[in-house]
Amino acid sequence: MAAAASLGVVSGCFRVRAGLKPAAEKNLAAGCSLKCGVGFGLDALQSCNVYKKRYMSMVVTRASSATAVEDESSNDTEIPTPKVIIDLDSDPDATIVEITFGDRLGLLLDTMNALKNLGLNVVKANVYLDSSGKHNMFAITRADTGRKVEDPELLEAIRLTIINNLLEYHPESSAQLAMGAAFGISPPKQQVDVDIATHVRVTDDGPNRSLLYVETVDRPGLLVDLVTIITDINITVDSGEFDTEGLLAKAKFHVSYRNKPISKPLQLVLANSLRYFLRRPSTEDSSF
């Protein structure tokens, strides 16, 4: 993908409502700091009002319970780690979504319907097995343009929709997901220290860009928060991959500064900015 122009950031919060209970919706709103005007390879001059109008009116809905229920839950006592991968690198024409939860996932018809409710097309679906379980993969595009999904707000809506469906149809996943504390039947028993869990690394990625790795504790709105922090210091995010693995989130972004790799001094600024905002208590801003 060609390097895009540096993107500006305009404040504004997008609330993702996934048919949640009032308490859960309140928790999501409190943790949400999604901002518009940020994108993977999108034109920075696109109007923020277009995004706000589109996404403020969007409700991430569950598919009707009348459709096929995502069953095939296992009775095994050992609960596998749920994984949701959003991949913008593998396919030039579609965004690849991969969902894994051991061998417990069914056909995921409700998840596909929920994605369609976000204005998306599932153009291809695939399932494969390996030692870690059954991997359900979807190639999705925007219904209005037929192009791959690159807007971080919509990517985050996709991620939360999938996690919400996991929590609904596989409630045993609640204790394995960070968002189980807000949206599931039981919070995770294991608490992860964000200071210990947060890791940032930048490596070379060819003559025109760098590769940024970020690992931290998962939370609602995290994908857009990461892109916002990066673009706030005039670094361009060209593409990447965002993985949710149990309590953690792992991101890999192809980034550049004025169509060149990030210099060592700027790498330090980027790493310090990410560590500061990711480790900062969520109550800090509201405390003043």
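The protein chain here is built from eight helices and eight strands, and what you're looking at is a predicted model. The chain runs to 288 residues, and 48% of them count as buried. Among contacts with a separation of 6 or more, 68% come from residues 24 or more positions apart.

**The sheet**

Start with the strands. Eight of them make up an open sheet, and if you walk across, the order is β3-β4-β2-β1-β7-β8-β6-β5, with antiparallel pairing. At the edges you'll find β3 (120–130) and β5 (199–204), each of which pairs on one side only. On average, neighbouring strands of this sheet are turned by 15° against each other, ignoring direction.

Helix α4 (residues 152–169) lies across β1, β2, β3, β4 and β7, and it runs at about 160° to β1.

How do α3 and α4 meet each other? Their axes come within 10 Å and cross at roughly 150°, and the crossing is right-handed. On the α3 side, the residues involved are Asp-110, Thr-111, Ala-114 and Leu-115, and they meet Ile-158, Thr-161, Ile-162, Asn-165 and Tyr-169 in α4.

**Rings**

Which residues form the one aromatic pair in the structure? The structure holds one such pair, and it's made by Tyr-276 and Phe-277. A pair of aromatic rings is described by the distance of the centres and the angle of the planes. Here the centres are 5.1 Å apart and the planes are at 80°, so the pair is edge-to-face. Are these two residues buried, partly exposed or exposed? The table has the numbers.

| Residue | Relative accessible area | Class |
|---|---|---|
| Tyr-276 | 44% | partly exposed |
| Phe-277 | 33% | partly exposed |

Both values fall between the 20% and 50% cut-offs, so Tyr-276 and Phe-277 are classed as partly exposed.

Another ring worth a look is that of Tyr-213: the charged end of Arg-201 sits over it, 4.3 Å from the ring centre.

Definitions and conventions:
Residues are numbered from 1 along each chain as its sequence is written. This is a predicted model: local features need pLDDT of at least 70, side-chain atom pairs count only at pLDDT 80 or more; totals for chains, interfaces and linings use all residues. Side-chain values use heavy atoms; hydrogens and water are left out. Two strands pair if DSSP finds at least two bridges between them. Helices (H or I, at least four residues) and strands (E, at least two) are DSSP runs, numbered from the N terminus. Axes are lines fitted to C-alpha atoms, for helices over the stretch in contact, and angles run from 0 to 180 degrees between N-to-C directions. Contact means heavy atoms within 4.5 Å. Rings of Phe, Tyr and Trp (its six-membered ring) pair if their centres lie within 6.5 Å; planes under 30 degrees apart count as stacked, over 60 as edge-to-face and the rest as tilted. Buried means under 20% relative accessible area, exposed over 50%, partly exposed in between (1.4 Å probe, protein chains only). A charge sits over a ring if NZ of Lys or CZ of Arg is within 6 Å of the ring centre and within 35 degrees of the ring normal. A crossing is left-handed if the near helix is turned anticlockwise from the far one by less than a right angle, and right-handed if clockwise.
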